[in-house]
Amino acid sequence: MSYHIDPSENFTKEIRAVGSEQLNLAIAALTERPKGLLEAIHDARKCFKRLRSLYRLTATAAPAFRQAENARIREMAKTLSTFRDATALTEVSQYLLNHAQSNEERAALKRIAKMLAVRRDKLAADEKPLEENVAMAIATCGQALEALSHVTFEDDGDWNAKHLAKSWRKMLKRAAAARETCKDTTDAHLFHELRKRCQDYRYYLYLLQPLWPSAMHAKRVEATEIVDLLGHHNDLALLSSLVNEQPDLFGKSEDLVHLLSAVITRQEALRKSAVAAAGSVFRDDPVDESRKIRLLWQDAA
């Protein structure tokens, strides 16, 4: 996979190539399914996230295209989210199990992990709605490929540098705002927003890595750490929501007490680590950093 934009090449050609690769990878994952359908859905959704970040990075250069395609991809990903969420819950139950603080808690979390795995398998076994959604997603990827084949950008280094820097600055300002908001809150939605901004930053760093490979790799490692921390936090919030909606799923009340205690403890630790890491990742001024991106692009192009 070559998730990079080469500044020395035709800009339109590069954006089409990177975007087409992600859509074709998603189609291949959903069609071939080498590790099963649920894992294929997970792989396809990662492609959709990369694609949406690509379109955000180039948004100011083609705003109408970005708006239309972002909506298309977002809705497509939502049709597969139920099945991915069931898998995420089984994974986060194992994560909790790895951090159990007593034998009693560990035993309770083992029972809950087993129950969540059974629930996931039952959802996957109901093939008709799952296959219908997958077929719709594959068809939508084809439509997205067609739209991408028609988009065009200016092939001018200074023009592209200006627009890339503008998108970069906008992303960093949104990330800084999200980081500040998360300092004095436990709201899972706000931490999910911070995770999305870190995810964008990570993908932007991938896309423009040829401009400054060593520095962007180091930044990407830091951003990925936050994405992973807040991925666990988001999955734990999803698990808490399921507990509130369907407490009877979780068996004995004692198990539920152990579960909620474990969730609260881990979320607190994850929030603390994520906020501290975000302070390091987004330590540079957005205007200064975006100016560096502009100059680096102009020099490379």
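**Close-up views of a predicted model**

**View 1. Arg33 lies in the loop that joins α1 (11–32) to α2 (37–57).** The model is predicted. Arg33 is not a glycine, yet its phi is positive, at about 50 degrees. Most residues other than glycine have a negative phi. The relative accessibility of Arg33 is 24%, so the residue counts as partly exposed.

View 2. Thr12 counts as buried because its relative accessibility is 9%, and the cut-off for buried is under 20%. Leaving aside residues up to four places away in sequence, Thr12 touches Val151, Thr152 and Phe153.

**View 3. A patch of negative charge on the surface.** The residues gathered here are Glu154, Asp155, Asp156 and Asp158. One of them, Asp156, sits in the loop between α6 (127–148) and α7 (157–182). With 36% relative accessibility, Asp156 is classed as partly exposed.

**View 4. A patch of positive charge on the surface.** Lys162, Lys166, Lys170 and Arg294 make up this group. Helix α7 supplies the largest share of the positive patch, three residues. Lys162 is placed in helix α7. Its relative accessible area is 49%, so Lys162 is partly exposed; the class of exposed residues begins over 50%.

Terms used. Residues numbered from 1 in each chain as written. Predicted model: local features only at pLDDT ≥ 70, side-chain atom pairs only at ≥ 80, totals over all residues. Heavy atoms only, no water. Patch = residues over 30% accessible without salt bridge, like charges linked within 9 Å, V, L, I, M, F, W, Y side chains within 5 Å. Areas by Shrake-Rupley, 256 points an atom, 1.4 Å probe, with all protein chains shown as cover. Salt bridge = Lys/Arg side-chain N within 4 Å of Asp/Glu carboxyl O. Lys, Arg positive; Asp, Glu negative; His and termini not counted. Charge placed at Lys NZ, Arg CZ, Asp CG, Glu CD. Helix = DSSP H or I, 4+ residues; strand = E, 2+ residues; numbered from the N terminus. Buried < 20%, exposed > 50% of the residue type's maximum accessible area, 1.4 Å probe, protein only. Contact = heavy atoms within 4.5 Å.
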